[in-house]
Amino acid sequence: MSDLANLPPVDPKTGEVIINPVKEDGTPKTPKEIEKEKKKAEKLLKFAAKQAKKQAAASKPGSENKNKKKPAKESAPVPEFVDKTVPGEKKVLVSLDDPALKAYNPANVESSWYDWWVKSGFFEPEFTEDGKVKPEGLFCIPAPPPNVTGALHIGHALTIAIQDSLIRFYRMKGKTVLFLPGFDHAGIATQSVVEKQLWAKEKKTRHDYGRETFVKKVWEWKEEYHQRIKGQIQYLGASYDWTREAFTLSPELTEAVEEAFVRLHDDGTIYRAARLVNWSVKLNTAISNLEVENKEVKGRTLLSVPNYDEKVEFGVLTSFAYPVVDSDEKLIIATTRPETLFGDTAVAVHPDDDRYKHLHGKFIQHPFLPRKIPIICDKEAVDMEFGTGAVKITPAHDQNDYNTGKRHNLEFINILTDDGLLNENCGPEWEGMKRFDARKKVIELLKEKNLYVGQEDNEMSIPTCSRSGDIIEPLLKPQWWVAQGDMAKEAIKAVKNGEINIAPKSSEAEYFHWVNNIQDWCISRQLWWGHRCPVYFVHIDGEENDPNDGKYWVAGRTEEEAQAKAEAKFPNTKFTLERDEDVLDTWFSSGLWPFSTLGWPNKTKDLENFYPFSMLETGWDILFFWVTRMILLGIKLTGSIPFKEVFCHSLVRDAQGRKMSKSLGNVVDPLDVIRGIKLEDLHAKLLVGNLDPREIEKAKDGQKESYPNGIPQCGSDAMRFALCAYTTGGRDINLDILRVEGYRKFCNKIYQATKFALMRLGEEYVPSAKEELTGHESLVEQWILNKLTNCAKVVNEAIEKRDFLNSTSAIYEFWYLVCDVYIENSKYLIQEGTEVEQKSAKDTLYILLDNALKLIHPFMPFISEEMWQRLPKRSSETSETIVKASYPVFRKDFSNEKADKDYELVLAITKEARSLLAEYNIIKNGKVYVESAHAESFETAKSQKDSIASLIKAVEEVTVVNKADDIPGGCVLKSVNPEVNVHVLVKGQIDIDAEITKVEKKLEKSLKSKQSIEKTMSSKDYEKKANAQAQEANKTKLENTIAEIEGLEATIENLKKLKL
């Protein structure tokens, strides 16, 4: 039987539920039980009444049709936009009434403009008629050349967004502007990728092809990926002067590289030396200190190493004993690299260590080789308190040991091949064994010989190759080095004396730290892809000379020049020349970028006009790799600084703050943000790269976490604006795709507002020849023009200070004022005003659209051009594109602080009136009274009452009075400021009793909430248990709740008064 069939009895007189006070067993019910039962019964009765009402309605004729739900109205699919523009021609603008253009779609808006800009030469620098830089000044940036290794990532998009916003801004300011593009051959990265692909497809190495054929294959690969990256850059809207595009391996830049090398070699800055280098076994080349990533391990850790099936153990200190020759004694040492004992040429002890004084000058026996090793004394190499106080010395495989070896003139024994195999110096049993396999074998045999002592966990730093993940081996190699000490002094001076400004200050501090501690730079790389060193070894007939000796090397821009130098150096001698096989570090050619791209070493017009560049903008992470080297080489080779300003932007991380990496699956392709991509398509892209199959699943999980619904289509404009808005001067940007999507909505607002405004202006509207005031402007027009001129001031100043956050924020806020206030407020002026008012309101609307689109153009180039091209033009407008239009600046005639103050009062009155109407649920025919005894405020409100009424919307009229006695009874009040009050007539507009009940329920809820907070705050040990943040939050919550209670109590009192 249902509960509805057994409803509780009700007293017919009072309507109250009758509750039996006695239980079934005859015992009395407690008051709490009676109350609980009563509430349950009341709920049941309410439900029964509702059901009865439904049944009664259903039994009426025609009720079946009424209760049937109407089928949901299906929205018609938006037709696809077809761009009929011929590539390179000016875009064919389709009417905004076209159904395909009803909603904002970035793909529609951003099509065709870029090709037209490029073909029309808008991105090329403008000079005066006589070929000089324009009087407005010069602004030029060399774009950091991306590597031709695949595709751009979101970090490149940030670089372009910042640089291009500056370039477009200064172009609109009338300056001679150059944004010089180019690409880097990226020696190690490119060769590594191509080698991986060839192995995956054909199971061939570069050696199977030979140098010449392999390099041809890399060129083919470069051409394909170069075009792909170029396409990405064009999608991003970068206003590069493509007529000056550079490539580090082009003949022109190769000439500059060879010139630089020869000059530096001839004056002794570049020299030959056999020193320890960071050797990447996987890549088979030396890499710079800056390309080494140190992996910290706390103790025993297994790491994946290229070309090893099983993980390799690190973070372990192995102790073993060396037998002392002619003695039963053993000398115990400890090492993290047992396999290097084959290269040990000494064991060092401290000369003052009493434990070992009797061993001074004696020898130990190598356990696996017929070699006696000297025991030496060294204060620098040994800490008596650490370990056993005895240290193995391996000069050819450790930097500290290298220095010890030099001090004691020890033998330097290299134990490894370039492929990481033990060599002939380790003995026939070990030759050809992989280095980490040898580590295991050494420990095994030490145990057999009873020389193994033990192992313990050891916190340490493991040097790894940032390109391949390989474990770096210190290896003794003859290489070319650049002496940087003297150049560094000049580089420090250039920043200290203000010739170069580095921002932010944290980057400047890092620059000084690095340059003050600079070391010589190894520029040799054992690769085939790159600039081959323009230096030749002189083989003198009948002599066996050491290739490590720089005396037998000559540098030459051509072989003929090298031949002539060799003849002058070794007169009357027969010899042959052999060019060095090595190529130069990629950063060497990149270090020449600011002047090699302008034609150096030739004295070109571009070098004269654009060097030094105005600015170098890049991420702080390559301040040392690249920026510092450009300063060193620029001053050394040209006698001048390469640029006047360095701006270091943040690094882009994912929303969780993690570094972006392919293996985490959080790397973002800018095109995916522009066009949008599904999650499954993101997964599919992982299969195309060079990720290890084991890493693909991990990357997929990362993608699911970062982009569970894929990446929405945001468009280039929204992405650029978001990236600039994120640029606050901090070290990192945690990129949230949802924020970028939010700026897409902002683009939609711009699109729809401009579309609506064009309709308001009408097809016949023609703007006046000049942008000026007519004297007929209404208050709202004066107010918005004041906002415009102040926005222009803020934006200009912010961009000059490289303050991207404030510049984008000011533009964003101004657009919202135009859309939400002026366009709304001007409706009644344009529709119902006098002819003069209508004309003035339209003229102001035109000024706003024209200027707002120009203000946002540097950050959003596409939508600004699309909508600006749809505006009618002044007869004085000479630019055919917004790219070359004049950027808005502060205009004193538009500045009007009184109008600003007066209209802010109008907006404040509107806000409080709306608040009261909402509070009392009055949605139409409201009556609002503005009361002010303050003469100026009264006059403002009186003159703007129609404006106030149009903004409030839910009112019949607005009445302005100067004394409270003129306010009719039955009104409620809100204070706007100490001088102005707003009243809303409530009596007769609402059911007062129902409103009181509604507010009382809210009050009851707030009182309970207050009681709960107070209970928590007064609980035992609250101050000890709750942290400061929680206590502050509770205090704020209590204050807000008390304020809410006071407001609700006042509302109830007001409503009760209205009943009287």
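**Close-up views of a predicted model**

P612 is found in the loop that runs between α17 (605–610) and β26 (616–619). This residue opens the first of several legends, each describing one part of a model that is predicted.

View A. The peptide bond from Y611 to P612 is cis, and its omega is near 0°. A cis peptide bond also leads from A503 to P504, with omega near -5°. P504 belongs to the loop between β19 (501–503) and α13 (505–516).

**View B. Y743 and Y812 form an aromatic pair.** The structure holds 45 aromatic pairs. In the pair shown here, the ring centres of Y743 and Y812 are 5.9 Å apart and the ring planes meet at 85°, so the arrangement is edge-to-face. Y743 is part of helix α23 (residues 737–761) and Y812 is part of helix α25 (residues 804–832), so the pair ties together parts that are 69 residues apart in sequence. Y743 has a relative accessibility of 12% and counts as buried, whereas Y812, at 29%, counts as partly exposed.

**View C. Helix α23 is shown with the residues at its two ends.** At the start of α23, D736 places a side-chain oxygen within 3.0 Å of the backbone nitrogen of L738. After α23 comes G762, which has a positive phi, near 85°.

**View D. An aromatic cluster is shown with two charges over rings.** F261, W480, F537, Y552, W553 and F570 together form one aromatic cluster. Arginines also lie over tryptophan rings: R275 is placed over the face of W481, at 5.1 Å from the ring centre. The charged end of R168 sits over the ring of W117, at 4.7 Å from the centre of that ring.

**View E. Helix α33 is shown with its cap and its packing partners.** Helix α33 (residues 1028–1059) contains 32 residues and reaches 47 Å from its first C-alpha to its last, close to the 46 Å expected at 1.5 Å a residue. N1027 caps the N-terminal end of α33, with a side-chain oxygen 3.2 Å from the backbone nitrogen of Q1029.

View F. A disulfide is a covalent bond between the sulfur atoms of two cysteines. A search of the whole structure finds zero disulfides. C747 is in no disulfide, and the nearest cysteine sulfur, belonging to C714, is 9.3 Å away. The relative accessible area of C747 is 0%, and this residue is buried. C791 is likewise in no disulfide; for this residue the nearest cysteine sulfur is that of C819, 13 Å away. C791 counts as buried, at 6% relative accessibility.

View G. A483 occupies the loop between β18 (473–482) and α12 (485–496). The residue is partly exposed, with a relative accessible area of 27%. A483 and L264 are 219 residues apart in sequence, yet their C-alpha atoms are 9.4 Å apart in space. When neighbours within four places in sequence are left aside, A483 is in contact with T269, Y271 and D520.

**View H. T844 is a buried residue of helix α26.** T844 lies in α26, which covers residues 835–856. Its relative accessible area is 1%, so T844 is buried. Apart from neighbours within four places in sequence, T844 is in contact with E777, E781, I784, L785 and Y822.

**View I. Two asparagines have a positive phi.** N450 is not a glycine, yet its phi is positive, at about 55°. N450 is located in the loop between α11 (435–448) and β16 (452–457), and at 60% relative accessibility N450 counts as exposed. N925, also not a glycine, has a positive phi of about 55°. The loop that holds N925 lies between α28 and β30 (926–932), and N925 counts as partly exposed at 40% relative accessibility.

Methods. Residues are numbered from 1 along each chain as its sequence is written. This is a predicted model: local features need pLDDT of at least 70, side-chain atom pairs count only at pLDDT 80 or more; totals for chains, interfaces and linings use all residues. Side-chain values use heavy atoms; hydrogens and water are left out. Rings of Phe, Tyr and Trp (its six-membered ring) pair if their centres lie within 6.5 Å; planes under 30 degrees apart count as stacked, over 60 as edge-to-face and the rest as tilted. Helices (H or I, at least four residues) and strands (E, at least two) are DSSP runs, numbered from the N terminus. Buried means under 20% relative accessible area, exposed over 50%, partly exposed in between (1.4 Å probe, protein chains only). A charge sits over a ring if NZ of Lys or CZ of Arg is within 6 Å of the ring centre and within 35 degrees of the ring normal. The expected span of a helix is 1.5 Å times one less than its number of residues. A polar contact is a pair of N or O atoms within 3.5 Å; within protein, one must be able to donate a hydrogen and the other to accept it, and residues adjacent in sequence count only if both atoms are side-chain atoms. A disulfide is a pair of cysteine sulfur atoms within 2.5 Å. Contact means heavy atoms within 4.5 Å.
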